[in-house]
Every structure is written in C-alpha cells, then in structure tokens.
Amino acid sequence: MIDAKQIIDETVKANDVVLYMKGTKSMPQCGFSSKVAGVLNYMGVDYADVNVLADENIRQGIKEYSDWPTIPQLYVKGEFVGGCDIITEMTLSGELDQLFDENSVTYDKDAAEKIREANS
C-alpha cells in the first residue's frame, strides 16, 4: 500500500486539480463521479482524472490517503476538497469559484454562474 500512497501523493502534488473517480472525465461510471466531472467539465477546468476502477490499490489507497470513505474525491493544489455533496454545495454557493480563484485555477466564471442560475 506504500506504493499506492506514494503514487497518490505524487499525483495530487503534480497537478493543480485532480479528481479521483469511477471511470474517466469523458466516461464516468457512477452518478456521483459523473456529477462532479460534469461540473468541472462544464466550468472548463483543466484537471487530471484518475479512474479508481482501474487499480484496486489506488481505489483503497485514496480512501486512506484522505481519510474519506467515498469516491469521487477532488483535490486542488494538493489539498483534499471533498466528495460529490461537498463539491455540489460549494458550486452552488460560489465557494468553489473562490477556491479556484485563490489557487489560480482557470475556469469559466460564466459557466459557474449558469450552474447556479439553473439550480436556484
């Protein structure tokens, strides 16, 4: 499991935004992963996607790495942000925009606003 933790650590530190998910950003394989990937894709965020279904060690390792039991998991600048419910809440409240702004992550502000308008 040390190898998985090392791989995860290197991945989250080497990429500004990383989504550990079931499936890929172009083909999510669960509803929760699809929802978070959909938000990031719609907002035009450049992010690395890691398919936990492709490697059982990574799938288990990411849960231990973050001390968070569920997938998907979003990381921004090496820091764990949360899973589907947290990302959804942060998107609707504008906190995700703020987090991206604070960390110099490029995204489409108009798209973020459209998500909020569609859900108000």
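Visitor: At what relative accessibility is K77 found, and is it buried, partly exposed or exposed?

Guide: K77 counts as partly exposed, since its relative accessibility is 38%; buried means under 20% relative accessible area, exposed over 50%, and partly exposed in between, with a 1.4 Å probe and protein chains only. Please keep in mind that this is a predicted model, in which local features need pLDDT of at least 70 and side-chain atom pairs count only at pLDDT 80 or more, while totals for chains, interfaces and linings use all residues. Residues are numbered from 1 along each chain as its sequence is written, and side-chain values use heavy atoms, with hydrogens and water left out.

Visitor: Where is K77 found, and what is the value of its phi?

Guide: K77 is found in the loop between strand 3 and strand 4, where helices (H or I, at least four residues) and strands (E, at least two) are DSSP runs numbered from the N terminus. Its phi is near 50°, which is a positive value in a residue other than glycine.

Visitor: Which two residues are joined by a cis peptide bond?

Guide: I71 and P72 are joined in this way, with omega about 15°, and P72 is found in the loop between helix 3 and strand 3.

Visitor: How should I read two helices that pack together?

Guide: Two packed helices are described by the angle between their axes and the distance between the axes. Here the axes of helix 4 (residues 84–93) and helix 5 (residues 95–102) come within 5 Å and cross at roughly 85°; axes are lines fitted to C-alpha atoms, for helices over the stretch in contact, and angles run from 0 to 180 degrees between N-to-C directions. Helix 4 is therefore roughly perpendicular to helix 5, given that angles under 35 degrees count as roughly parallel, over 145 as roughly antiparallel, 65 to 115 as roughly perpendicular and the rest as oblique.

Visitor: Which residues make the contact between helix 4 and helix 5?

Guide: From helix 4 come I87, M90, T91 and S93, and from helix 5 come E95, L96 and L99, where contact means heavy atoms within 4.5 Å.

Visitor: How do I read the buried residues of a helix?

Guide: An α-helix has 3.6 residues a turn, so residues three or four places apart point the same way. In helix 5 the buried residues are L96, D97, L99 and F100. Seen down the axis of helix 5, they fall within an arc of 160° and so line one face of the helix, the arc being that of the directions from the helix axis to the C-beta atoms. These buried residues pack against strand 1 (17–21), helix 2 (31–42), strand 3 (73–76), strand 4 (79–82), helix 4 and helix 6 (109–118).

Visitor: What is D97 in contact with, leaving aside its neighbours within four places in sequence?

Guide: D97, buried at 8% relative accessibility, is in contact with M43, Y107, A112 and R116. A112 and R116 are among the buried residues of helix 6, together with A111 and I115. The buried residues of helix 6 fall within an arc of 145° when seen down its axis, so they line one face of the helix, and they pack against helix 2, helix 4 and helix 5. On the other side of helix 6, D110, E117 and A118 are exposed.

Visitor: How should I read a pair of aromatic rings?

Guide: A pair of aromatic rings is described by the distance of the centres and the angle of the planes. The structure holds 5 aromatic pairs; rings of Phe, Tyr and Trp (its six-membered ring) pair if their centres lie within 6.5 Å, and planes under 30 degrees apart count as stacked, over 60 as edge-to-face and the rest as tilted. One of the pairs is W68 with F80, which is tilted, at 5.4 Å centre to centre and 55° between the planes. W68 lies in the loop between helix 3 (56–66) and strand 3, and F80 in strand 4, so the pair ties together parts that are 12 residues apart in sequence. W68 is partly exposed at 27%, and F80 is partly exposed at 26% relative accessibility. The pair of F100 and Y107 is also tilted, because the ring centres are 5.5 Å apart and the planes at 50°; F100 is buried, with a relative accessible area of 0%, and Y107 is buried at 10% relative accessibility.

Visitor: Which residues form one aromatic cluster?

Guide: The cluster is formed by Y20, Y65, W68, Y75 and F80.
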